[in-house]
Amino acid sequence: MADLTYERHEGPGGAHQLDAFLPAYEEVYAEPPYCEGPGDVAEFIDHYQVHAQRPGFRLVLARDGDEVIGFTYGYYLAPDTHWWKNLQRIELPEDFTREDGYRTFVIIELAVRKAWRRRGIAAALHTRLLDGLDVERVTLTMRPEPEAAPAQSAYAAWGYRKVGVSHPWDEAPLYDCMVRDLR
């Protein structure tokens with residue numbers, strides 16, 4: 001781990017980094033609670049290409065030498081986002097759900113390969129992703145299953161609070177929707 005480095009890519013150019021971190025994605029998301037297979041990975045590739053074109057897109061890669069061992073990415077929520085409409089059994093005030101394209105940064109993925117966990121890499125990725133952002137808050141979703149307990153603990157330690165349960169698409173599992181105020 002002596003050659004651990006971090007690199008940030010911003011804007012549509014980040015789309016060209018997919019091949020660098022896809023093996024890490026496949027490894028991490030094959031584990032429970034995700035249990036993703038080839039079809040899920042193909043769907044992720046399609047979604048990533050769309051995400052990389054969104055305003056404020058940022059990707060951070062953690063490398064041990066040439067090997068990508070962790071990654072995170074996100075972008076600004078657009079004014080017409082459905083992010084808050086995916087919440088179940090709760091109606092948040094309009095003032096909370098209003099987006100202007102710069103109010104909220106959403107973290108879509110944050111993952112570290114198993115052999116490199118518990119070394120502060122996820123925290124370093126998170127810090128580098130948010131570094132210099134001029135937003136009011138950050139949001140993300142996380143799985144509530146026991147297998148995700150380390151992520152749940154990390155997000156709580158980093159100041160995130162649960163605002164509801166998200167169901168982002170018909171076949172999706174339920175996720176806890178988390179928010180961290182930055183101002």
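A: A quick term before we start: buried means under 20% relative accessible area, exposed over 50%, and partly exposed in between (1.4 Å probe, protein chains only).

Q: Good. What kind of model is this, and how are residues numbered?
A: This is a predicted model, where local features need pLDDT of at least 70, side-chain atom pairs count only at pLDDT 80 or more, and totals for chains, interfaces and linings use all residues. Residues are numbered from 1 along each chain as its sequence is written, and side-chain values use heavy atoms, with hydrogens and water left out.

Q: Ok, salt bridges. How many are there in the whole structure?
A: The search finds 13, a salt bridge being a side-chain nitrogen of Lys or Arg within 4 Å of a carboxyl oxygen of Asp or Glu. One of them joins Arg58 and Glu10, at 3.8 Å from N to O. That pair links distant parts of the chain, 48 residues apart: Arg58 is in strand 2 (residues 58–64) and Glu10 in strand 1 (residues 4–10). Helices (H or I, at least four residues) and strands (E, at least two) are DSSP runs, numbered from the N terminus.

Q: Which residues are in a network with them?
A: Arg8, Glu10 and Arg58 are linked in a network of salt bridges.

Q: And what does Asp134 pair with?
A: Asp134 forms a salt bridge with Arg183, and their closest N and O atoms are 3.0 Å apart. Asp134 sits in the loop between helix 4 (121–130) and strand 6 (137–142), and Arg183 in the segment after strand 8 (175–181), so the pair ties together parts 49 residues apart in sequence. Asp134 is exposed, with a relative accessible area of 60%, and Arg183 is exposed at 63%.

Q: Switching to rings: how many aromatic pairs are there?
A: The structure holds 17. Rings of Phe, Tyr and Trp (its six-membered ring) pair if their centres lie within 6.5 Å; planes under 30 degrees apart count as stacked, over 60 as edge-to-face and the rest as tilted.

Q: Why is the pair of Tyr48 and Phe57 edge-to-face?
A: Their planes are at 75°, with centres 5.8 Å apart, so the pair is edge-to-face. Both Tyr48 and Phe57 are buried.
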